[in-house]
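Good morning, and thank you for the time on today's agenda. Please look at the sequence and the model as they come up on the screen.

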Amino acid sequence: MPDIRLRIELLDTDPLVWRRVVVPEQINLHRFHELIQDVMGWGDCHLYEFECNGRYYGEPDEWSDRTIALARNAKLKSLAARAKGGAFHYLYDFGDGWEHRIVIEATGLEETNPCPRLIDGAMACPPEDIGGTMGYAALKAAAAGEKDPYGQELLEALDGEFDPEALDEEEIADMLEPFQAGFRRLGSTPRKPRPAQAQPLDMEASLKAQGIHSIEELMQVLQGEIDKNRR
């Protein structure tokens with residue numbers, strides 16, 4: 001199962017919010033959506049869709065006026081093979097309209113472990129439901145000390161704390177562990193060997209080795225030990 005290296009860019013953010021990941025090519029688009037949510041920092045609270053060469057993939061949506069194929073029935077490998085210009089798009093939250101460009105950097109890579117995994121990235125993901133990129137710009141302005149009324153309102157909702165440059169790679173690595181467990185590969189961390197179990201003691205053989213061949217002889221030996229300890 002070869003790997004593919006991708007760069008995920010959140011469009012219309014400055015500085016650019018982005019992540020670089022290595023993913024198994026055979027992952028389906030629904031699982032890839034879940035992976036994007038984790039590496040970017042989204043909360044998976046809204047609808048999403050992928051777009052590649054005029055074709056759309058996502059979840060059934062009765063309000064949509066176009067044909068949307070089920071994301072879980074499409075593979076990342078097949079989408080990447082059809083992407084013109086080496087990129088396709090991912091839209092999250094149709095209200096705020098967070099548009100991502102997925103740049104295909106390399107395909108057919110040698111299988112690696114663990115996978116999927118984050119390679120690098122930059123900048124914090126915007127919070128949910130802040131009004132898209134304009135709200136994100138206002139929030140960053142308020143966090144920088146500027147007097148932006150809407151940004152101040154958003155900042156207060158976050159208890160007055162937001163670092164636009166924060167990227168917790170350790171947290172992302174923890175969130176990717178369930179994905180990695182789903183792609184069993186050679187070279188994965190071996191299970192710890194079970195501790196050696198003591199063999200059951202053969203009492204009869206042990207007693208015979210000590211010259212004791214009957215219950216009466218055993219009782220005599222025990223009584224002798226008791227008398228010895230009383231002296």
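Let me begin with a definition: a charge sits over a ring if NZ of Lys or CZ of Arg is within 6 Å of the ring centre and within 35 degrees of the ring normal. Arg 7 is placed in this way over the face of Trp 18, at 4.2 Å from the ring centre. Likewise, Arg 66 lies over the face of Tyr 56, at 3.8 Å from the ring centre.

A word on the source. This is a predicted model, in which local features need pLDDT of at least 70 and side-chain atom pairs count only at pLDDT 80 or more, while totals for chains, interfaces and linings use all residues. Residues are numbered from 1 along each chain as its sequence is written, and side-chain values use heavy atoms, with hydrogens and water left out.

I turn to the sheet. Helices (H or I, at least four residues) and strands (E, at least two) are DSSP runs, numbered from the N terminus, and two strands pair if DSSP finds at least two bridges between them. Eight strands make up an open sheet of mixed pairing, in the order 5-4-3-6-7-1-2-8. Strand 5 (69-70) and strand 8 (117-122) are its edge strands, each pairing on one side only. Within the sheet, four bridges join strand 3 and strand 6 (residues 87-92) in the antiparallel sense; Glu 49 has Leu 91 of strand 6 as its bridge partner.

Next, the aromatic residues. Rings of Phe, Tyr and Trp (its six-membered ring) pair if their centres lie within 6.5 Å; planes under 30 degrees apart count as stacked, over 60 as edge-to-face and the rest as tilted. How many aromatic pairs does the structure hold? There are eight. One of them, Trp 42 with Trp 98, is tilted, at 5.1 Å centre to centre and 40 degrees between the planes. This pair links distant parts of the chain, 56 residues apart: Trp 42 is in the loop between helix 1 (29-40) and strand 3 (48-52), and Trp 98 is in strand 7 (residues 98-109). Both Trp 42 and Trp 98 are buried, where buried means under 20% relative accessible area, exposed over 50%, and partly exposed in between (1.4 Å probe, protein chains only). Separately, Phe 32, Tyr 48, Phe 50, Phe 88 and Tyr 90 form one aromatic cluster.

Finally, the cysteines. Cys 115 counts as buried because its relative accessibility is 1%, and Cys 125 does so at 12%.
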